[in-house]
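Hi everyone, thanks for coming. Let me put the structure up, and then we can walk through some helices, cores and charged pairs together.

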Amino acid sequence: NTFLTDHAGPLGLTIGTVQISDKSSVEAAIADYDVLSTAEQASLVNEKALLDDLLLKIGVLEETLVFKTDHAGPLSLTTESVQVSDKTAVEAALAAYDLLSAEAQAELTVEKALLDSLLAEIQNQEEANQFKIDHSIVLALTPATVEISNKVAVEAALAAYDVLSTEVQNELTNEKALLDSLLAEIQNQEAAETFRTNYASE
């Protein structure tokens with residue numbers, strides 16, 4: 001059968017090996033099949049089914065390539081490099097992923113996992129930034145400027161920190177260290193004040 005010989009290339013492919021570059025040869029084979037006699041077509045049912053599957057898979061590969069190209073920016077990020085300013089691009093990529101065919105989505109599991117982790121990291125950063133805003137006055141203090149009168153605010157900031165998720169706390173290691181040092185300084189000042197009071201009363 002000359003059809004088998006003429007199209008040995010695409011007929012030797014599988015769903016796992018076919019590439020976008022094979023599209024023209026697969027389409028040529030399908031076009032040649034379509035002009036065969038009914039009897040010839042009947043003897044090539046398996047080959048036609050394979051060619052149809054290959055063309056579908058190429059379509060999926062094209063769909064995933066467009067997605068990867070359109071969203072190359074966020075897909076090049078890591079949880080270490082992503083910033084809050086990347087949120088719109090990451091959310092756009094996730095929205096585009098949701099519109100893909102199930103077959104294309106199945107080809108992009110690694111990319112979907114990355115985008116999910118990026119969005120989670122962005123949300124952690126946003127929460128950390130909100131903490132810094134909420135406690136900006138206390139966080140502007142230093143052990144040299146803090147006073148006993150700041151104790152309530154320092155303790156409130158530490159209490160707020162304690163209820164944050166571990167991921168958000170990890171974004172605030174410097175702030176936590178500062179708050180701890182402020183509280184320690186306040187306790188030193190309180191101890192000195194108590195000492196002075198007791199000493200004065202003797």
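Let's start with helix α5, residues 45-70: its 26 residues should span 38 Å at 1.5 Å a residue, and the end C-alpha atoms are 38 Å apart, which agrees. That expected span is 1.5 Å times one less than the number of residues, and helices here are DSSP runs (H or I, at least four residues), numbered from the N terminus.

A quick word on where this comes from: it is a predicted model, where local features need pLDDT of at least 70 and side-chain atom pairs count only at pLDDT 80 or more, while totals for chains, interfaces and linings use all residues. Residues are numbered from 1 along each chain as its sequence is written, and side-chain values use heavy atoms, with hydrogens and water left out.

Back to α5: its buried residues include Leu 51, Lys 57, Ile 58 and Phe 67. Buried means under 20% relative accessible area, exposed means over 50%, and partly exposed is in between (1.4 Å probe, protein chains only).

Now look at Lys 57, which counts as buried at 16% relative accessibility. What does Lys 57 form a salt bridge with? The partner is Glu 107, with the closest N and O atoms 3.5 Å apart. Lys 57 is in helix α5 and Glu 107 in helix α8, so this pair ties together parts 50 residues apart in sequence. A salt bridge here is a side-chain nitrogen of Lys or Arg within 4 Å of a carboxyl oxygen of Asp or Glu, and the structure holds 10 of them.

Another one joins Lys 68 and Glu 111, at 3.8 Å from N to O. Lys 68 lies in α5 and Glu 111 in α9, so the parts tied together are 43 residues apart in sequence. Here Glu 111 is buried at 16%, whereas Lys 68 is partly exposed at 36%.

On to the cores. The largest nonpolar core has 17 residues, and Phe 131, Leu 164 and Leu 182 are among those with the most contacts inside it. Helices α9, α10, α11 and α13 each supply at least two of its residues. By nonpolar core I mean buried Ala, Val, Leu, Ile, Met, Phe, Trp, Tyr and Cys residues joined through side-chain atoms within 4.5 Å.

Finally, find Leu 141, in the loop between α10 and α11. Leu 141 is buried, at 16%, and its C-alpha is 8.6 Å from that of Leu 178, 37 residues away in sequence.
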